[in-house]
Amino acid sequence: MAKFSMKLRTNNGYEQSEGSSVHVLNIDNFLNGRDPYVTLRDHTARITSIRYKTSLLVSISRNSKNSGQVMVWDTATSSAVRSSCCVGKSTVPGAPKAMKCHESLIYTAAGSSVVAIDIRTMCQVFKVNHQEELYSFQLLPEKSLICIGLAQRAMLWDVRRGCDMQKGEAVAELDGHIGNVNHLRMDPYKIVSGGLEDFQVHVWETGNGRRASSLICCPQCDSRPCFGCSAMAINGCRIVTACNDGDHSTLYFRDFNNATVPIASAPSILQSKNLGSSITE
């Protein structure tokens, strides 16, 4: 049996699921337990990401030509009424890494570029190019900022300054990482970045890219080497990081809601038991 993975989104009692090998999306009404409300079959390659916007579902798959196919579905229309719920298609160059939606735009990070597509026309609005492969991507639309994860660093860009990263001026270069930056989280106040080979995650100020702190995300001991950040979750002043080397797993929980001293001024505060805890398996 082929390996199966699933991602879920819920809205008004409906659930969307996708399989890594079957290339279809099922929308199930789990309130009445009936057969799939609608099945979306037009993808011909592995689906890598899905997003939900009101009655529209956006999905992207990676095809054999090392490019991404973006599809928009009208989930309010049953596939029994017509042959397909697909209402728009577009193609982006390179292997897709991440996708974000904001208002009428779909932002996709694929290969070495970030492409914005207008969901109403499925036409490309702008394309932000880079000469290196992208490993992660985050968007802050209210400030027109995008952040991309590269090898050993991340870059913060203002899309209003131009769409060519090779010629344009970055807001900041977030360097100091070990390996590729596979994980990014961004809000109006901070950027948190980490990677599978880096035993620290770094916290940066969104406005100027200044590093505020570096947080250890794996146990440091002599019995086994450090391993990097495999996942992270951010909610306001709460930061959760996870690491796994195949034999050991660790979760670190940090809550800075009650912090009174800027962490950049007092690095020792990171060791306080009041601000951090861990669970190790």
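Good morning. The model is a predicted one, and Arg62 belongs to strand 6, residues 56–62.

What is Arg62 in contact with, leaving aside its neighbours within four places in sequence? The residues are Ala45, Arg46, Thr48, Ser67, Ala95 and Pro96. For a sense of distance, take Thr91: 29 residues separate Arg62 from Thr91 in sequence, and their C-alpha atoms lie 9.9 Å apart in space.

Let me turn to the protein as a whole. How many helices and strands does the protein have? There are zero helices and 24 strands. Of its 281 residues, 46% are buried. The exposed surface comes to about 14,300 Å², with carbon and sulfur atoms supplying 47% of that area. If we take contacts between residues at least 6 apart in sequence, 37% of these join residues at least 24 apart.

Next, the interior. In soluble globular proteins, nonpolar side chains tend to be buried together. The largest nonpolar core here holds 17 residues, and those touching the most other members are Tyr107, Val114, Phe137, Ile146 and Ile148. Which elements give two or more residues to this core? They are strand 10 (105–110), strand 11 (113–118), strand 12 (123–129), strand 13 (136–140), strand 14 (145–149) and strand 15 (151–158). Strand 10 contributes the most, namely three residues.

I now come to a sheet further along the chain. Strands of a sheet pair through backbone hydrogen bonds, either parallel or antiparallel. In this open sheet of four strands, the order is 17-18-19-20 and the pairing is antiparallel. Its edges are strand 17 (183–186) and strand 20 (211–216), each of which pairs on one side only. From one strand to the next, the twist averages 15°. Strand 19, residues 200–205, runs antiparallel to strand 20 and is joined to it by five bridges. As one point of reference on your screens, Trp204 has Arg211 of strand 20 as its bridge partner.

Finally, the confidence of the prediction. The mean pLDDT of the protein is 75, and 70% of the residues reach 70 or more. Where does pLDDT stay under 50? One stretch is residues 1–20, for which the model has 57 contacts beyond four places in sequence. Another is residues 265–281, with 32 such contacts in the model.

Thank you for your attention.

How values were computed
Residues numbered from 1 in each chain as written. Predicted model: local features only at pLDDT ≥ 70, side-chain atom pairs only at ≥ 80, totals over all residues. Heavy atoms only, no water. Core = buried A, V, L, I, M, F, W, Y, C linked by side-chain atoms within 4.5 Å. Buried < 20%, exposed > 50% of the residue type's maximum accessible area, 1.4 Å probe, protein only. Pairing = 2+ DSSP bridges. Axes fitted to C-alpha atoms, helices over the stretch in contact; angles between N-to-C directions. pLDDT = per-residue confidence, 0-100. Contact = heavy atoms within 4.5 Å. Areas by Shrake-Rupley, 256 points an atom, 1.4 Å probe, with all protein chains shown as cover.
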